[in-house]
Protein chains: 2
Amino acid sequence: MTKKATHEQTRIHNTQLVFSTVYERGEISRAEIARVTHLTRPTVSDVVVDLMAQGLLEEVGRAPSTGGKRAILLRVNADARCLIGIDLAREDFRGALINLHGEIKHRVSLPLQGRDGTAALELVYELVDALIKAACSPLLGIGIGTPGLVDAVNGVIYQAVNLNWRDIHLRTLLQERYNLPVYMANDCQVAALGEYTFGENSSARDLVVIHVGKGVGAGIVLNGRLFHGNPLGAGEIGHVTVVENGEHCQCGNTGCLETVTNSRAIVRQTQALAQRAPQSILNQLAPHPDAITFETVCEAFAEGDEAARQVIREVGQHLGAAAAHLIVVLGGCRILLAGRITCFGQFLLDAAQEALNKRALAALSQTSEIGFVSMGADIILLGAAALLLHEELGLFPYNG
Amino acid sequence: MTKKATHEQTRIHNTQLVFSTVYERGEISRAEIARVTHLTRPTVSDVVVDLMAQGLLEEVGRAPSTGGKRAILLRVNADARCLIGIDLAREDFRGALINLHGEIKHRVSLPLQGRDGTAALELVYELVDALIKAACSPLLGIGIGTPGLVDAVNGVIYQAVNLNWRDIHLRTLLQERYNLPVYMANDCQVAALGEYTFGENSSARDLVVIHVGKGVGAGIVLNGRLFHGNPLGAGEIGHVTVVENGEHCQCGNTGCLETVTNSRAIVRQTQALAQRAPQSILNQLAPHPDAITFETVCEAFAEGDEAARQVIREVGQHLGAAAAHLIVVLGGCRILLAGRITCFGQFLLDAAQEALNKRALAALSQTSEIGFVSMGADIILLGAAALLLHEELGLFPYNG
DNA sequence: AATACTTCGTAAGTAAATTTAACTATCTAA
DNA sequence: TTAGATAGTTAAATTTACTTACGAAGTATT
C-alpha cells in the first residue's frame, strides 16, 4: 500500500536523520550535521530545537576551533528515555530497562517453571509490571523478542510451540494494558537487529545472524532494516530439510536443519559418539554417555577431544551449507553465528566457511564472511530494545 | 546512505503515486484518485496538470454520474513514450520498442553467431542504433536484461561467462553514447519484474520467478521492488550445491542446482534414461539417444512416456527443494517457474509442490504456491521495459 | 418545472517546512 | 589590531500540500 507524502513526513524523516546522525557520531555540532546530512544549517538548528525540547539531545560542550567560532557539541541524552526489552526465548522470561545507548539499567527475571498458555502470558504481565515500576525516566515503549512464528507487522504471535501459544495478539493485549507502543519480532530477528545496532560496527548495512539454541533460525537485516517476510517467516532456516529421511522434527517434517544443529542435537550426537569411542575424554568428564550435557561437549572440545571435534565439524558443515543457501538467495553478506556454539570458536567457523565456499557461487562466498556475533547472552534483550529504537525513533545507523 | 527529505521529493513521490494509480486503474477520475491515494482533490488536480503537460496522462471521456457532476476520466497515454527493452540472454540479441502499457511496437533481433567480448558489445550498439532509428515517440530510456552477475546499482556486468564479459560498465558506455537513462539487471530478475508488472495480476507484492533455461536462477520482487542484493547476487540459486559430489558446473563447483535442472541437464538425463529403456517412445522419436533434443523430451512427455516423466519428476523435486530454501529465507510467497519447462505443465508443478511441502515449514509452504509465469518468451524484453518504468517513472503498481 | 442535494473540478488563501541570504558572535592567524 | 573563517541564528522567499469555498453539472424529490 503506497502512501502519499506530506510535509509532516518530511519533517519526521529529517528529524530521524538528525537524531540518527548524532546517535552514530556520539558528539557532533549542528554545522557538522548539516555537512553530513546535506540539510541546510537553519533546518538542522530548527530540528535540533525540537529534539532538545523532547530531551533527546543535549548540548555537551564546545569543540576546539577549526579556524573560526568554536562549535557547540550535541549528543544523545542516553537517559532521557527508558526502553523495555523483553526476551521470551529462554527457560526464564527476562526483561530489562535499557537506556538509549543500549546500557542495561535494571534487570528482572522470572522463572517459567513449565508454565505455558495463559499462565505464561500472565508472567509477561508480571515482568512488564515490575519493569515499569522501576523505570526512572519516560518510557519509550516495549520491545519483545519471542520464539516462534511472529507477525511483526500486526503484533501477533502466530505460533510458539514451546509456550503453547497460537494467535496471541500480544501487541493489542499489551498496548491496552500499558498504553505504550509495542513492537515484537522473532528471537533470531531481534538478535540480528541487536547485533546490527549495538554490535561492533562493521559498516555493513546487510547482516544475517544465525542463532543456534534449542531452535535454529536466522535474523536478516537488509539495507539497515529488519526483514521479516510478508507477513512473516523470513529466516526460518531451521525448518528446511537437509537430511533425507532424517529425524523427526517438532515441526512435523523430517531431517530439518534444526534436528542436526540445535543444542540438543549436538549433545545427542556427542552421546552417541562417546559410546562408540571409549577412549574419548567425554567418558571421563561424564559418568555415563547419557549424562553428557552441552557443557560437557564444550569442555571436551576445549581439551581437543576428537569425538567432540567430529560432531562440531559436522555441525559447522551443516551451518555452512545453510549459509550457502542464504547467500544465493540474498546475495553475499556477513553471516554471524550466535548462541552457545560460540564456544567452539575458529574451528567451527572454519568448518562452516569451508562448506560455504564449496557449496555456493565463488563470487558470492568470497564476499561472505562467517563469524560470531560480538554480543553475549543479552543479545535478544538488547535487540528488542533496538527494535523499539528503530521503530519509534527511526534510529537507523548508516555507516558509509 | 540515508538521505534528507525535501519538498521536491515529496512532489516527485506524489506525482509517481498519481501516475501509478492511473496506470493500475486504467481509467479513473481525479476525485477517485484523491479517494484512493488520500491526497486532497486540489493536490491531485495540480499533479495531473503536470502529468498532462508531460503528455503522460490524457483525458478520455466522462464517467456516468454517481449522483452529481460527471467525472472526467483520465488514462495513461500509452504511446507518449517509447521504452527500449533489451534481452541479451539468448543466442540472438533481441530488442524492442515498447510503449508504456508494455505493448511491443517494433522488434529487432541480431544473431550473435558465436561473437563475444567486444564484438558482442558492438552488437548491442547495433541493436540500440536500430531501435532508436525506429522510435516514433520520445524515448524514456533503455532497460536491459543480461545473463550473468549484474551490479544493477552501478550498471556493471560483473561477469557473464558465455559472453566472455567481465566488469563491463555497460551503463556508462550506453549513457555516454546515447545520452539516455540506462537500467539493467540479471535476466532472471528482469523476468520477475516483468511478470510482476505485466503478468496476470495476483495482487501479491512479493513474487519469486525461477527461470530455467541454459542457466537456472531466481528473480525476487519484495514489496513491489526488485531485490538485487548488496550489491548483487540475489537469486543466484542455480549455483548452490544440491548433489554431493555431483557433476562439474561451469561456475567451478560441483553438483549445483543448475547441473541437474537446466535444459541441457534435462536432455542429458533423458538421453541416459532412453538408452536403458529401449521400449521408450524416446527411441522412436529420435534415431539415436544422442539425437534427443529438448523438443524430443517435450514430445515424449506429452505422449506420456514414463522415462521422460521420470526425468521431469526429478527436476520438479529439485526445483521444489530450491523453493523450500527460498521460502525459509524469504518467508512464504508465490513462486512461479519460467522458461521452456512450462511445457511440462501440472505434472512438473505437482512434483515441485510436493517436494516443497515435505521440505519446508508447513506454515510457510502452505502459503506458498508454485505455478508458471503467465508470460511467454518476451518476458525478459518486457521485464527490461518494466525495470525502466519502475526506475524512471516510479511505476509501482500497488494492489490491495 | 422548481428545488434541494451530490459530486466534480478549480480557485484563493493558509500552513508547514525547506532554502536562500544576511547577520552576529567567536575564534585564528598574520 | 585586523582580516578571514566558522558556527549558529534570523528573516524573507519558495515550494507544496491543505483548507475552505465556489461554480458547474448532474440526480432525486416535491
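1. In this note, helices are DSSP runs of H or I with at least four residues, numbered from the N terminus. With that understood, helix 1 of chain A gives the most to the surface near DNA strand C, with five residues. The model discussed here is predicted, and every point below should be read as a description of that prediction.

2. The surroundings of DNA strand C draw on both protein chains. In total 30 residues surround DNA strand C, and the closest are Ser65(A), Lys69(A), Ser45(B), Gly68(B) and Lys69(B). At least two residues of this surface are supplied by each of helix 1 (7–25) and helix 3 of chain A, and by each of helix 2 (30–37) and helix 3 of chain B. By class, the surface near DNA strand C consists of 15 polar, nine charged and six nonpolar residues.

3. Helix 1 of chain B makes the greatest contribution to the surface near DNA strand D, namely five residues. The class composition near DNA strand D is 15 polar, nine charged and six nonpolar residues.

4. How are the two protein chains related to each other?

5. The contact between the chains takes 48 residues from chain A and 48 residues from chain B. On the side of chain B that touches chain A, the elements that give two or more residues are helix 1 (7–25), helix 11 (306–330), helix 12 (345–359) and helix 13 (362–365) of chain B. The largest share of that side, six residues, comes from helix 11 of chain B. By class, the side of chain B that touches chain A has 23 nonpolar, 19 polar and six charged residues. Because 100% of the interface residues of chain B are also interface residues in chain A, the copies meet through the same surface.

6. The largest nonpolar core has 266 residues, and those with the most contacts inside it are Val209(A), Leu326(A), Val209(B) and Leu326(B). Leaving aside neighbours within four places in sequence, Leu326(A) is in contact with Val208(A), Ala218(A), Ile237(A) and Ile335(A), and also with Val329(B).

7. Helix 6 deserves a look in both chains. In chain B, helix 6 (residues 187–198) has twelve residues and reaches 16 Å from its first C-alpha to its last, which is close to the 16 Å expected at 1.5 Å a residue. Twelve of the twelve residues of helix 6 of chain B are buried, so this helix is largely enclosed by the rest of the structure. The buried residues include Asp187(B) and Glu195(B) as well as Val190(B), Leu193(B) and Phe198(B). In chain A, Cys188(A) lies in helix 6 (residues 187–198). Cys188(A) is buried, with 33 other C-beta atoms within 10 Å, the cut-off for burial being 20 or more. Beyond its neighbours within four places in sequence, Cys188(A) is in contact with Val209(A), His211(A), Gly217(A), Ala218(A), Gly219(A) and Gly235(A).

8. Most residues other than glycine have a negative phi, and most peptide bonds are trans. A cis peptide bond, with omega of about 0°, joins Asn230(A) and Pro231(A), and Pro231(A) is placed in the loop between strand 14 (225–226) and helix 7 (257–261) of chain A. In chain B, a cis peptide bond with omega of about 0° joins Asn230(B) and Pro231(B), and Pro231(B) lies in the loop between strand 14 (225–226) and helix 7 (257–261) of chain B.

9. Two asparagines have a positive phi. Asn223(A), in the loop between strand 13 (216–222) and strand 14 of chain A, has a phi of about 55°, and this residue is exposed, with 12 other C-beta atoms within 10 Å. Asn245(B) has a phi near 50° and is placed in the loop between strand 14 and helix 7 of chain B; Asn245(B) is exposed too, with 7 other C-beta atoms within 10 Å.

Notes: Residues numbered from 1 in each chain as written. Chains lettered and ligands numbered in written order. Predicted model: local features only at pLDDT ≥ 70, side-chain atom pairs only at ≥ 80, totals over all residues. Contact = placed C-beta atoms within 7 Å. Nonpolar A, V, L, I, M, F, W, Y, C, P; charged D, E, K, R; others polar. Expected span 1.5 Å × (residues − 1). Near = placed C-beta within 6 Å. Core = buried A, V, L, I, M, F, W, Y, C linked by C-beta atoms within 7 Å.
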